[in-house]
Amino acid sequence: MLSQASRLAEVQYDIRGPVLRRARELEAEGHEILKLNLGNPAPFGLVAPDAVLEEVTRSIGGAQGYSDARGIAPARLAVAEYYSERGVAVSGPDDVFLGNGVSELIVMALQALLNPGDEVLVPSPDYPLWTGAVNLCGGHAVHYRCAEDEGWAPDLEHLAAQVTERTRALVIINPNNPTGAVYSERTLKGLLDLARRHRLLVLTDEIYDQILYEDASHLCAAALAPDLPVLTLGGLSKTYRLAGFRSGWLVVSGPRGHIGDYLEGLELLANMRLCPNVPAQHAIPAALCGGVDITPLLRPGGRLRDQRDHAWRALTAIPGVDCVKPAGALYLFPRLDPEVYKIVDDQRLVIDLLEQQHLLLTHGTGFNLPSTDHLRLVFLAPVDTLDDAIGRLAEFLAGYRQ
Ligand code: PLP
């Protein structure tokens with residue numbers, strides 16, 4: 001019997017685990033599954049403008065060799081300019097590492113940082129790759145609470161109480177997946193103050209920085225703390241609707257004094273994987289330098305805005321279901337009132353929903369939420385599909401008991 005490495009024992013990534021396996025089985029049996037479980041814009045007809053794709057096609061002949069391990073210079077320059085326009089003190093393309101999606105860069109950034117037993121502060125709920133990657137790298141993810149009754153803002157007191165002498169880094173996800181929260185300046189400054197007091201490396205995942213609704217505005221954490229070493233992560237998967245290109249970036253800002261050795265480690269890891277996928281890097285300058293404007297999708301009448309509003313109204317009309325209206329990103333994270341629905345095992349609930357209604361959603365504990373009373377629904381689908389899905393959920397909940 002060939003067993004998996006023992007270091008995987010602490011790694012959980014349930015959002016793509018048993019539930020997805022059951023969905024595949026049902027599909028193999030011939031059932032059609034309505035999938036609102038993945039923030040993948042293209043299958044819902046949300047694709048990048050042709051001009052960006054044409055630029056990639058035009059460059060393909062010259063993209064056959066390895067590139068610089070950190071990525072091609074024009075793409076790193078475009079990323080550096082994007083962040084300096086947003087107030088981040090980036091000195092130039094040398095501060096930018098490109099990767100095969102933010103996912104690869106999250107693992108690299110943590111691998112270069114953590115020794116066994118080191119702790120990283122991660123929000124709860126989180127995008128669970130963060131928790132999984134910390135644990136994969138031998139560290140220990142310590143969750144700080146985000147308060148649903150405060151629009152899912154991080155609870156700064158709870159956060160401060162989680163710091164120990166083993167804490168090395170603070171993870172911020174803003175705008176947040178799964179909650180859709182967009183943090184205020186005050187919240188961000190509170191988070192950054194804590195990092196400053198305890199000399200923590202700040203890792204800020206801002207992949208949804210332009211997906212904002214109504215009057216929400218996004219501030220780069222790095223712009224608010226030029227005195228701190230900050231790693232900002234972003235990529236082409238969401239705003240630029242190119243998730244399949246697997247293209248993302250990590251931007252280093254702030255003083256280098258005590259992180260020089262860490263950065264050498266990061267460079268070593270970048271060199272070891274030779275380079276990120278080169279053809280996809282050519283989409284970066286095209287996309288960032290005016291090639292993609294997502295705002296028409298976000299205004300009233302725009303698809304994402306209408307879908308968010310519609311799905312939120314329909315979900316919150318189900319008895320016993322409430323939901324903080326997301327100010328950013330692509331997800332609704334409704335709460336099933338425990339007085340109405342006594343859910344002991346939310347993964348079981350999602351599997352039962354899948355089997356009875358052929359609808360695939362994600363359970364809240366999959367995002368490292370301690371309670372079993374939340375679900376995540378992706379609102380990338382057109383309004384009639386969302387209506388169908390939420391109708392199925394309502395019918396399921398009406399008769400569901402655990
Ligand atoms: N970070 C967050 C917060 C996400 O929600 C996602 C994808 O859903 C990722 C990172 C992964 O991004 P990428 O496609 O660039 O690997």
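A residue counts as buried under 20% relative accessible area, as exposed over 50%, and as partly exposed in between. Keep that rule handy for these exercises on a predicted model.

**Exercise 1.** Classify Arg196, then its salt-bridge partner Asp193, as buried, partly exposed or exposed.

*Solution.* Start with Arg196: its relative accessibility is 31%, so it counts as partly exposed. Next, Asp193 has 35%, so it is partly exposed too. Now look at the contact: the closest N and O atoms of the two residues are 2.5 Å apart.

**Exercise 2.** Check whether the span of helix α7 agrees with its number of residues.

*Solution.* Helix α7 covers residues 185–198, which is 14 residues. Just after the helix, Arg199 takes a positive phi of about 50°.

**Exercise 3.** Classify both partners of the salt bridge between Arg58 and Glu55.

*Solution.* Arg58 has 64% relative accessibility, so it counts as exposed. Glu55, at 24%, counts as partly exposed. Their closest N and O atoms are 2.9 Å apart. Both belong to helix α2, and being 3 residues apart, they are separated by about one helical turn.

**Exercise 4.** Find which parts of the chain Glu355 and Arg22 link.

*Solution.* First, the salt bridge: their closest N and O atoms are 2.5 Å apart. Then the locations: Glu355 is in helix α14 and Arg22 in helix α1, 333 residues apart, so this pair links distant parts of the chain.

Notes
Residues are numbered from 1 along each chain as its sequence is written. This is a predicted model: local features need pLDDT of at least 70, side-chain atom pairs count only at pLDDT 80 or more; totals for chains, interfaces and linings use all residues. Side-chain values use heavy atoms; hydrogens and water are left out. Helices (H or I, at least four residues) and strands (E, at least two) are DSSP runs, numbered from the N terminus. The expected span of a helix is 1.5 Å times one less than its number of residues. A salt bridge is a side-chain nitrogen of Lys or Arg within 4 Å of a carboxyl oxygen of Asp or Glu. Buried means under 20% relative accessible area, exposed over 50%, partly exposed in between (1.4 Å probe, protein chains only).
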